[in-house]
Amino acid sequence: MTGTAPAPFTADDYRARMDRAARQAAGAGLAGLLVAPGPDLVWLTGYTPTAVTERLTLLVLAAGREPVLVVPALEAPDAEHAPGAPAIALRDWTDGKDPYTVTAALLDADGRFGVSDNAWAMHLLGLQRALPGTSYASLTEALPMLRAVKDAAELDLLAAAGAAADAAFEEIRKVPFAGRRETDVAADLAALLRRFGHSQVDFTIVASGPNGANPHHEIGDRVIERGDMVVLDFGGLKDGYGSDTSRTVHVGEPTDEERRVHDLVREAQEAGFRAVRPGAACQDVDRAARAVIADAGYGEYFIHRTGHGIGVTTHEPPYMIEGEEQPLVPGMCFSVEPGVYLPGRFGVRIEDIVTVTGDGGRRLNNTAREMVTVD
């Protein structure tokens, strides 16, 4: 694939994200947010420590206050060069000093704070010792939609990642399947994702024959045979944003039953996609896809949620699952991936990343959803 490199996010972009996060925290009744190294820190500041160690690194956000990044002194030079650094005040601490005392000075002594899920228990316990009057909530629970609504630049990056994954699928269709191990095809898929611009490959599921009945099958040395259905589920990060797509191919000509189940899953995936529109609840997407499969008598074989959000990670809120009443908002991106899994026999899954538009949804994966045969 060719194309110009995307424009990098600027300090102003990161400043706006941090300001929005702080305001959302205040709106949720929190005194602020504490963000450890991980996807939230990358999204908010563009900073990824060279190595995540036992030394405390923590971004402190509170409405009406300047963002502060507490960092070990030996990592401060790298932090100063992060894209969002001009919008942040750095507070470094040296070995032998107590980083929790440094951090405690930035916090309300009796405040309740949202904490990123990647925070280490030892760091949270250290803060609790320094400020016993504070309390904490998981950021995913307190602000589940923090990263859910993407701006135009993020949507472009997600679309490019999806197109790269599509290009990988078009190429993997051409390689031999029969007589090769699942691990061989998975290695081909990983190499193709990298060829088409992925810097990180998160998963390459190749589940052949009866292994396809396990949605999260770990690739193994099973030799793929003619007559196998093969579930391909793969993705990773390109320019910092995720891809995730699934297609189910058949080695040689399928049986009538295999084709019928594949067509059923395709119909369910289409129904889930058509349920995407602003104001609909996340669970509506799950219900629409699940109803098609249940009405055909295969409901007990659809054993997972219909979708998950995607952004700077390949799995994040929102989730397309019964009970999730969060309304869809333009800019949200998530998978729509129903499946049918027949134990001991085969499985079928079809997955696209979809973004909510002003009047419906738009697919970010556009390879054939009809049955594809391979050699």
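Biologist: How does helix 9 pass helix 10, in a left-handed or a right-handed crossing?

Modeller: Bear in mind that this is a predicted model, with local features needing pLDDT of at least 70, side-chain atom pairs counting only at pLDDT 80 or more, and totals for chains, interfaces and linings using all residues. Residues are numbered from 1 along each chain as its sequence is written, and side-chain values use heavy atoms, with hydrogens and water left out. Helices (H or I, at least four residues) and strands (E, at least two) are DSSP runs numbered from the N terminus. A crossing is left-handed if the near helix is turned anticlockwise from the far one by less than a right angle, and right-handed if clockwise; helix 9 and helix 10 come out right-handed.

Biologist: And how do helix 9 and helix 10 run relative to each other?

Modeller: Axes are lines fitted to C-alpha atoms, for helices over the stretch in contact, and angles run from 0 to 180 degrees between N-to-C directions. Under 35 degrees is called roughly parallel, over 145 roughly antiparallel, 65 to 115 roughly perpendicular, and the rest oblique. For helix 9 (residues 256-274) and helix 10 (residues 282-295), the axes come within 7 Å and cross at roughly 155°. That makes the pair roughly antiparallel.

Biologist: How many nonpolar residues are in that contact of helix 9 with helix 10?

Modeller: Taking contact as heavy atoms within 4.5 Å, helix 9 brings Leu264, Glu267, Ala268, Ala271 and Gly272 against Val285, Ala288, Ala289, Val292 and Ile293 of helix 10. Ala, Val, Leu, Ile, Met, Phe, Trp, Tyr, Cys and Pro count as nonpolar, Asp, Glu, Lys and Arg as charged, and the others, Gly among them, as polar. Alongside one polar and one charged residue, the nonpolar count is eight.

Biologist: What about helix 7 and helix 8: how are they oriented to each other?

Modeller: Helix 7 (residues 152-172) and helix 8 (residues 182-195) have axes that come within 9 Å and cross at roughly 135°. Helix 7 and helix 8 are therefore oblique.

Biologist: How many charged residues sit in the contact of helix 7 with helix 8?

Modeller: Helix 7 passes helix 8 in a right-handed crossing. Ala165, Ala168, Glu171 and Ile172 make the contact from helix 7, and Val185, Asp188, Leu189, Leu192, Leu193 and Arg195 from helix 8. By class there are seven nonpolar residues and no polar ones, and the charged count is three.

Biologist: How many disulfides does the structure hold?

Modeller: A disulfide would need a pair of cysteine sulfur atoms within 2.5 Å. The sulfur of Cys282 has its closest cysteine sulfur in Cys333, 12 Å away, which is too far for a bond. The number of disulfides is zero.

Biologist: Is Cys333 buried or exposed?

Modeller: Buried means under 20% relative accessible area, exposed over 50%, and partly exposed in between (1.4 Å probe, protein chains only). Cys282 has 0% and is buried. Cys333 also has 0% relative accessibility, so this cysteine counts as buried.

Biologist: Where is the cis peptide bond, and which strand holds Pro318?

Modeller: Most peptide bonds are trans. The cis one joins Pro317 and Pro318, with omega about 5°.

Biologist: What is the phi of Asp239?

Modeller: Asp239 is in the loop between strand 8 (229-238) and strand 9 (241-242). Its relative accessible area is 41%, so Asp239 is partly exposed. Its phi is positive, in a residue other than glycine, and is near 50°.

Biologist: Which residues does Val102 touch?

Modeller: Val102 lies in helix 4 (residues 99-104). At 23% relative accessibility, Val102 is partly exposed. Leaving out residues up to four places away in sequence, Val102 touches Val70, Arg91 and Trp93.

Biologist: One last thing: how far apart are the C-alpha atoms of Gly29 and Gly111?

Modeller: Gly29 is in the loop between helix 1 (11-27) and strand 1 (32-35). At 57% relative accessible area, Gly29 is exposed. Gly29 and Gly111 are 82 residues apart along the chain, and their C-alpha atoms are separated by 9.6 Å.
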